[in-house]
Amino acid sequence: MASSIENNNEKLTLKSSDGEEFLVEKHVALQSTLLQNMLDSDCSSADVIPLPKIDARTLALVLGYCKKHADASSSKQGELNSFDSEFLKDMDMGALFNLVLAANFMEIKGLLDIAAQKIADTIKDKPHQEVREIFHVENDYTPEEEAAVREENRWAFEGFP
Amino acid sequence: MRKHLRRCKARVPTAVAQSTVEDDVTTASSAIAIAGNDDILSEIIVRAPLKSQVRFKSVSKSWLSLISSPGFSLLRSSFPRLSGLLLRKKWPYLVHPAPAAGPSFEFFLPKSSLSGDPPLKSLNFVPSNGNFSGVDILQSCNECIEEMPVPAIPGFRRHLRNGKHMLFGESDGHLHLIAELFTTKFQVFEMENDYSGWFVKYHVDLDGFVAAFPAVVRSYLDPLTTVRREYYAFSILGVIRREENEDESLLLLNVPDKIVRCYFEIFPSLKDGTLKELLYLLPDDERYVIRLSGSSNVCGPRYTNYNVFHYIESLALV
C-alpha cells in the first residue's frame, strides 16, 4: 500500500480486447481489486496489462466510473450516488451486461453492485418469458413442468401472462 | 459450471436489420456469459424483489435450481430484509352482527425507504369451517420445537405470561422477549445467538413518552370502589432490529389511532458490555408517527386493539 502512495502519479496502460490502449493513473486503477493485486505482487513489470475479456467501449465506461470514485473524497457520498444513477441512466441491456462482466472480472465491487441492481430493476416487473429472451436462456421445461412450477408459486404470478 | 453453459444455449436472432447484427451478437454473447455464470446471475437476481425471484423460477430449470440453492439463500441473507408487521384489528366482542368477511390484516412497514414499494397493503383470509380467523395451521414440525427457558429478571418476581406482561417476537434473526416490569418500564431480552440464554438488550422507560404524549393518559371510574383510576393507553407492538445499523433498531408503540416509532439511543455499555439503554423518542414528530386508518376505541386498561404478526420474507414453500 505504501508504494501506491509514493508512486501516486505513476500511470499504467490497459489494453482492451479489441486492441485499444488506455493510459490510467495508478490511483484510479486501484479501484479494481484485480489490478490492485497485480500491482501489489509486482506483476505489472510488463508495460501493458491486457484485459482480453473487455472491449474498448466498456473499458472506457469502467475507467470513467473508477476515476470518479477514486477522485471523490469519501465524504461526498451523495454526489457519488447521483453520479452513479446518471452514469447508468440511459444504458441499454447489452452495455449493462458488459459492465457487470467487466466489474466482476476486474473485481470492482461498487460497480458490480450498481450495474447488477440496475439490471434487476429493469427485469423485476417483466414476465419470465421475456426474462428468458433477455438472457438468451433456453426454456428446458416441458409445458407440464412449467405449469407445475407456476402453480406452486401462483401468488407471485398474479397479473402476469 | 459447465453444465449450466450447456443448458443455456444461445438463441441468436435470425432476422434482424443488417446494421444491428453486430450489436445484437455482442449483447447475445454477454447475455450468455452472464446466464452461464451462477455467481453473476445470483448477484443480479438477488437484487430483484422477492416476488420477482419466485417468478423467475419459471425461466428455466437451471434458474430454478439456482434460486432454490443454499448458496443463494446465503447471499439473500446478506441483504437487508424487509421487516414489517401485519396488524389485525381486534373485533369488539359485542359487535352484532359479526362482519361477514374475515378480519383483514393491515400491512405496516416500519421503514418504507428500504426497498421500494411495500409487498402488500393488506391481507384477507376467507373464513373456512367456521374458523373465524380463516387461518389453519397445516403442519408443524415437532422435531424443531425445543423448550426455551424464560429469562429471570433480577429483583423481580412476577410470573411472566405471554400476552399480558410479556411479548414474544422475532426481528432480523433475533428472538425477543419484551417483559413489563412496571407500567412504563420494560426490558427487552434477546436470545443469545447460540440459544443458550437471554440477555438484556434494551431498557425501556416510557415515562418521558407519557409526559410528551398526554393523550395516552386515560382514566376510568372503578365501578366497585367508585374511585377514578388512571391508566396509560399504549401498548408495545414489538421491536424491530436492524443488524446492519443498530441506530435504526426501533420499538413500535400503539397509542390511540397511531403507531409511534421509538428509536433506541445506544449508550456505551454499562456493566457487562451488552447492556444498552433505550431512550425515547421523538414524540409528535410526523416523521415518526404513522396514523392508522379508521378510528379505534380504547376498551380497557391495556390498550391493545391489534393482534400483531411479524411479516417474514422467505423463499421457502409453505
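Visitor: What is B:Trp63 in contact with, leaving aside its neighbours within four places in sequence?
Guide: B:Trp63 is in contact with A:Val131, A:Phe135, A:Val137, B:Leu41, B:Ile45 and B:Phe56. Contact means heavy atoms within 4.5 Å. One caution: this is a predicted model, where local features need pLDDT of at least 70 and side-chain atom pairs count only at pLDDT 80 or more, while totals for chains, interfaces and linings use all residues. Residues are numbered from 1 along each chain as its sequence is written, chains are lettered from A and ligands numbered from 1 in the order written, and side-chain values use heavy atoms, leaving out hydrogens and water.

Visitor: Which residues touch the most other members of the largest nonpolar core?
Guide: They are A:Leu14, A:Leu111, A:Phe135, B:Phe56 and B:Trp63. That core holds 59 residues. A nonpolar core is a set of buried Ala, Val, Leu, Ile, Met, Phe, Trp, Tyr and Cys residues joined through side-chain atoms within 4.5 Å. Buried means under 20% relative accessible area, exposed over 50%, and partly exposed in between (1.4 Å probe, protein chains only).

Visitor: Which helix gives the most to this core?
Guide: Helix H6 of chain A, residues 93-106, with 9 residues. Helices (H or I, at least four residues) and strands (E, at least two) are DSSP runs, numbered from the N terminus.

Visitor: New topic. How much area do chain B and chain A bury between them?
Guide: About 3,500 Å², with 65% of it on carbon and sulfur atoms. Buried area is the accessible area (1.4 Å probe) that two parts lose on being put together, summed over both. Chain B brings 38 residues to the contact and chain A brings 40.

Visitor: How many salt bridges does the rule find across that interface?
Guide: The rule finds 2. A salt bridge is a side-chain nitrogen of Lys or Arg within 4 Å of a carboxyl oxygen of Asp or Glu. B:Lys61 forms one with A:Glu145, with the closest N and O atoms 3.2 Å apart.

Visitor: And which elements of chain B give two or more residues to the side that touches chain A?
Guide: Helices H2 (21-35), H3 (38-45), H4 (50-55) and H5 (61-67) of chain B. H2(B) has the largest share, 9 residues.

Visitor: How many salt bridges are there over all chains?
Guide: The structure holds 13. One pairs A:Lys67 with A:Glu25, the closest N and O atoms being 3.7 Å apart. This pair links distant parts of the chain. A:Lys67 is in helix H4 (residues 56-71) of chain A, A:Glu25 is in strand E2 (residues 21-25) of chain A, and they are 42 residues apart.

Visitor: Is A:Lys67 exposed or partly exposed?
Guide: A:Lys67 is partly exposed, because its relative accessibility is 37%. A:Glu25 is partly exposed too, at 26%. A:Lys67 also forms a salt bridge with A:Asp71, the closest N and O atoms being 3.0 Å apart.

Visitor: What separates A:Asp71 and A:Lys67 in helix H4 of chain A?
Guide: About one helical turn, because they are 4 residues apart. A:Asp71 is partly exposed, at 44% relative accessible area.
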